[in-house]
Amino acid sequence: MTVREVEHAITVQAPAAEVYRLIAEVENWPRVFPPTIYVDQVERGTPGETGVSEERIRIWATANGTAKNWTSRRTLDPQALRITFRQEVSAPPVAAMGGTWIIEPLAADESRIRLLHDYRAIDDDPDSLKWIDEAVDRNSRSELAALKTNVELAHATEEVTFSFEDTVRINGSAKDVYDFIDEADKWEERLPHVASVRLEELSPGLQILEMDTRTKDGHTHTTKSYRVCFSHQKIAYKQVTLPALMTLHTGYWTFTENEDGVTASSQHTVVLNTENITRYLGPDAGIAEAREHVQTALSANSRATLGLAKDYAEQQQR
């Protein structure tokens, strides 16, 4: 049985405690780590006297051009600035994988991040082990570089990072509203702002959605997203091909049913691409104008989609 052990490391200009927090709080991951699509916190334990706690998380992430998901157990030790993890259910060709994040303070505003992995391939297959080697190396380098960027630019990105949400009330069932959003392969006929669409289901509940969207001025732009679908409740996504004014776009659709019908919401989190603001919005445009432009465009599409989903669900109800 071949167990591979590897280590990747990087030095960042940020306090160790801040670095630890970004890694510990999994809701940050789709924003901080390029490969991560979505993280679902399945179980969370109560910290003991030493502050150590355990949790189970389910992760969806890209690896070597495709997407996988797995469940991991984590032990969080805020005093030692260590987080150990072990995949509970690994995705083939991985037979087992675990590791440790170690944050080492070098100075008040400088720290070293060490990322350790140990893993083995199913049946000790050499080709599979090579595939895992490449995926771990690529993702580890990507994660550490992104972590360095996000930690060091934390204050700068606060200004260009924002979230917003649009919500509608629907006299129908959550299932029908969910189906309308889930069946994105039908959006070309159902949504006027969608010029063309390509939907691929990699595994149940994990999709790649690529589409050409029309803007108000008649132009089209192409976006590509990975989507994670929780039947009738939630669809989370991360765009990997982005419009020019964004460096990050994640979001989710939620469907909450009660005796009065359904509350359907579309949430967006965006990081602006400041380098493209004046090129696309004119020499006098700044962050405020870019935020307004991006939010207006995304909200218009979300509200249009939610409105048509409402019509569809209420028609099904009748």
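The structure is a predicted model, in which local features need pLDDT of at least 70 and side-chain atom pairs count only at pLDDT 80 or more, whereas totals for chains, interfaces and linings use all residues. Residues are numbered from 1 along each chain as its sequence is written, and side-chain values use heavy atoms, with hydrogens and water left out.

**Overall build**

- The protein chain has eight helices and 14 strands, where helices (H or I, at least four residues) and strands (E, at least two) are DSSP runs numbered from the N terminus.
- With a radius of gyration of 21 Å, close to the 20 Å that the globule rule gives for 318 residues, the protein chain is as compact as a globular protein of that length; the radius is taken over C-alpha atoms, and the rule is 2.2 Å times the number of residues to the power 0.38.
- Along the principal axes, the C-alpha atoms of the protein chain fill a box of roughly 55 × 50 × 45 Å.
- Of the 318 residues in the protein chain, 48% are buried, a class that means under 20% relative accessible area, with exposed meaning over 50% and partly exposed lying in between (1.4 Å probe, protein chains only).
- Among contacts (heavy atoms within 4.5 Å) in the protein chain with a separation of 6 or more, 53% are between residues 24 or more positions apart.
- The accessible surface of the protein chain comes to about 15,700 Å², and 47% of this belongs to carbon and sulfur atoms; the areas come from the Shrake-Rupley method with a 1.4 Å probe, and for residues only the protein chains shown count as cover.

**Salt bridges**

- The whole structure contains 20 salt bridges, each defined as a side-chain nitrogen of Lys or Arg within 4 Å of a carboxyl oxygen of Asp or Glu.
- One of them joins the side chains of Arg-114 and Glu-7 at 2.8 Å, N to O; Arg-114 lies in strand S7 (residues 110-121) and Glu-7 in strand S1 (residues 4-12), so the pair ties together parts that are 107 residues apart in sequence.
- Both partners are partly exposed, Arg-114 with a relative accessible area of 21% and Glu-7 with 44%.
- Glu-55 and Arg-74 form another salt bridge, with their closest N and O atoms 2.6 Å apart, and this pair links Glu-55 in strand S3 (residues 53-63) to Arg-74 in strand S4 (residues 66-77), 19 residues apart.
- Glu-55 and Arg-74 are both buried.
- Within helix H3 (residues 126-152), Asp-137 and Arg-141 are four residues apart and therefore separated by about one helical turn, and they form a salt bridge whose closest N and O atoms are 3.0 Å apart.
- Asp-137 is partly exposed at 28% relative accessible area, while Arg-141 is exposed at 53%.
- A network of salt bridges links Glu-43, Arg-56, Arg-73 and Glu-88.

- Leaving aside neighbours within four places in sequence, Ile-23 is in contact with Trp-29, Arg-74, Ile-83, Trp-101, Ile-103 and Leu-147; the C-alpha atoms of Ile-23 and Leu-147, 124 residues apart along the chain, are separated by 8.6 Å.
- Leaving aside neighbours within four places in sequence, Asn-273 is in contact with Ala-244, Leu-245, Met-246 and Thr-247, and a polar atom of the Asn-273 side chain lies 3.5 Å from the backbone oxygen of Ala-244.

How values were computed:
A polar contact is a pair of N or O atoms within 3.5 Å; within protein, one must be able to donate a hydrogen and the other to accept it, and residues adjacent in sequence count only if both atoms are side-chain atoms.
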